[in-house]
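We'll go from one stop to the next, and at each one I'll say what to pick.

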Amino acid sequence: MSASTTWTIPEVRAALDARKISAREMVKDFYARIEKRNAELNIYLALSPDRAFAQADRIDAAIAAGDALPSLAGVPVAVKDVISTRGIPTTCGSRILEGYRPAYDATAVTRLEQAGAIVLGKTNCDEFAMGSSNENSAYGPVRNPVATDHVPGGSSGGSAAAVAANLAVVALGTDTGGSVRQPGSFCGVTALNPSYGRVSRYGLIAYASSLDRIGPFASTVRDAAMVMSVISGRDPRDSTSASVPVPDYIAGLARPLHGLRIGIPDDYFGEGIDPEVRKKIEAGIALLEKLGCRRVSIRMPNTEYAIAAYYIIATAEASSNLARYDGVRYGPRVPGATLIEMYQKTRGRGFGAEVKRRIVLGTYVLSAGYYDAYYLKGQKVRALIARDFREAFEKVDAIVTPTSPVPAFRLGERTANPLQMYLADIYTVTGSLAGVPGISVPSGKTSSGLPVGLQIYGPAFGEDRVLHMAHAFEQAGGQDL
Amino acid sequence: MKISREDVLKVAALANLELSDSEVDTYRGHLDDILTYIDKLNEIDTTGVEPLTQVVAVSTDDSALRDDVVVRADIITEVLRGAPDPEAPYFRVPRVIEK
């Protein structure tokens, strides 16, 4: 086994079953890989070896006893640092939570561990999940393992890079406006943003509550489906989690694609899309047609307003959610003569530039006299974007788009102009606002070797459909287009 | 120019956020750009459109409503361990009530 070996979940299981490797050896091997590459790539912010080896020993004991193993037994996973892990540092990529160790686990983490998965550690991300490049982390940017002078995307850049660099088999990220799908696309791995309400958010540290979701990264679509089978479903601890039944995602993968109608929104292929990305997406659509899908041209007329609506809604919710970081209950405190001065100094020093920018914008759009013009208007436009999706799904079974209009860019290349960075989120924020599931699956590479991601949207709670289509696409050689 | 230095300072005060002079200038410029961009929304007529506050999860039962039962968590020690200035079982803050 070399340090670059890519493991899939079924391969881990086969190796454990055949006693070719123990769970303990598996964990050791992954920590050795991390030791070797983390200084350069900056993927992990914290490791949890005690917990990982304890879990590995439980799996090995089960194997020795001849017990039936759960579906993710021995699978090393990485968890984005905005997801709570009991006793393990959880900073959200921010100085304001430096040293914070949650007193409880997120439900998604509990479910992964109940299924036998092994949490290796916490992954770097843009501070409080705000960013599209990972350059907003207080702990320095992650480097893209595919091209180390490039960004991995964001905000879940560490989780995407962990899977791409084989420093975890699968990983959890979070997606508010594209933060799972876009880094998945930049790093060349599969990344799924499930429907709003599909996966419990108990223990997810909130950025924008009406948009935040937890989703998996994996090196194959089947692995993503296996993780989804474990983390999906109602959780009494999250009242926004839905009681919609969870279908068998694995059984659904093998069906033929024949006869599915794929909508291609004309509005998504206008200005701003990189010609090489466009070419790879066109080739991806042609591949889906070859597999039996029927291409249908559709209109999503409110697309051009999505970014504006998104940045109103997300920043407004963030300004409220981030009010809790005040130097009282967790994180470092900067002393002040009065309580208010202590709050102001703690927050002024603890938050990074992008977070401050969004708090200021969010507070502004919610402030007296501006609420109707901005926040209410944004919510109305959000309703129109959701309607675009509803109407499209009356005509088609899925919608196919690029995940990002550009491939990974160079570190530092886009930091000067925040608005320009926001505009590149166009293909992902629409689905975020509408609450529908979207998967990014590798669809070839540019001439300089940078991965391109093809995004497939399905109707709400249609994860089975997007996984099914992405699996067929992958099996037909999508990533080598 | 949509937004002034004073606007930024006012909003920062509402958000309990200390900003340096150079931050105020930088954010003023960025916010101006972003708010100008957001004006784009005035192009669409939203008369009669109901605002979408949340993509409400489809619930097939009443599980979102439950009895409010107290469950002991017993994590005070663990929680206080992370606090900058704890005095069990409290969080200590600068004086807010004058003698």
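Start by selecting A:Val77. Skipping residues up to four places away in sequence, A:Val77 touches A:Leu112, A:Ala117, A:Ile118, A:Val119, A:Leu120, A:Ala168, A:Val169, A:Val170, A:Ala171 and A:Leu172. Contact here means that the C-beta atoms of two residues, placed from the backbone, lie within 7 Å.

A quick note on what you're looking at: this is a predicted model, where local features need pLDDT of at least 70, side-chain atom pairs count only at pLDDT 80 or more, and totals for chains, interfaces and linings use all residues. Residues are numbered from 1 along each chain as its sequence is written, while chains are lettered from A and ligands numbered from 1 in the order in which they are written.

Buried means 20 or more other C-beta atoms within 10 Å of a residue's own; 12 or fewer makes it exposed, and anything in between partly exposed. Helices (H or I, at least four residues) and strands (E, at least two) are DSSP runs, numbered from the N terminus.

Next, pick A:Ile9, in helix α1 (residues 9–17) of chain A. Is A:Ile9 buried or exposed? It has 24 C-beta neighbours inside 10 Å, so A:Ile9 counts as buried. Beyond its neighbours within four places in sequence, A:Ile9 is in contact with A:Leu72, A:Val75, A:Val169, A:Val170, A:Asp223 and A:Met226. Draw a distance from A:Ile9 to A:Leu72: they sit 63 residues apart in sequence, yet their C-alpha atoms are 6.9 Å apart.

Now jump to A:Ser48, in the loop between β1 (44–47) and α3 (49–64) of chain A. A:Ser48 is buried too, because 21 C-beta neighbours lie inside 10 Å. Leaving out residues up to four places away in sequence, A:Ser48 touches A:Thr85, A:Ile88, A:Val119, A:Leu120 and A:Gly121.

Bring chain B into view: 60 residues of chain A are in contact with 46 residues of chain B. On the chain A side, the largest share, 10 residues, comes from α12(A). By class, that side has 31 nonpolar, 17 polar and 12 charged residues. Ala, Val, Leu, Ile, Met, Phe, Trp, Tyr, Cys and Pro count as nonpolar, Asp, Glu, Lys and Arg as charged, and the others, Gly among them, as polar.

For the last stop, select A:Val360, A:Thr363 and A:Tyr364 in α11(A), which meet B:Val8, B:Val11, B:Ala12 and B:Leu14 in α1(B). The residues of this contact are six nonpolar, one polar and no charged.
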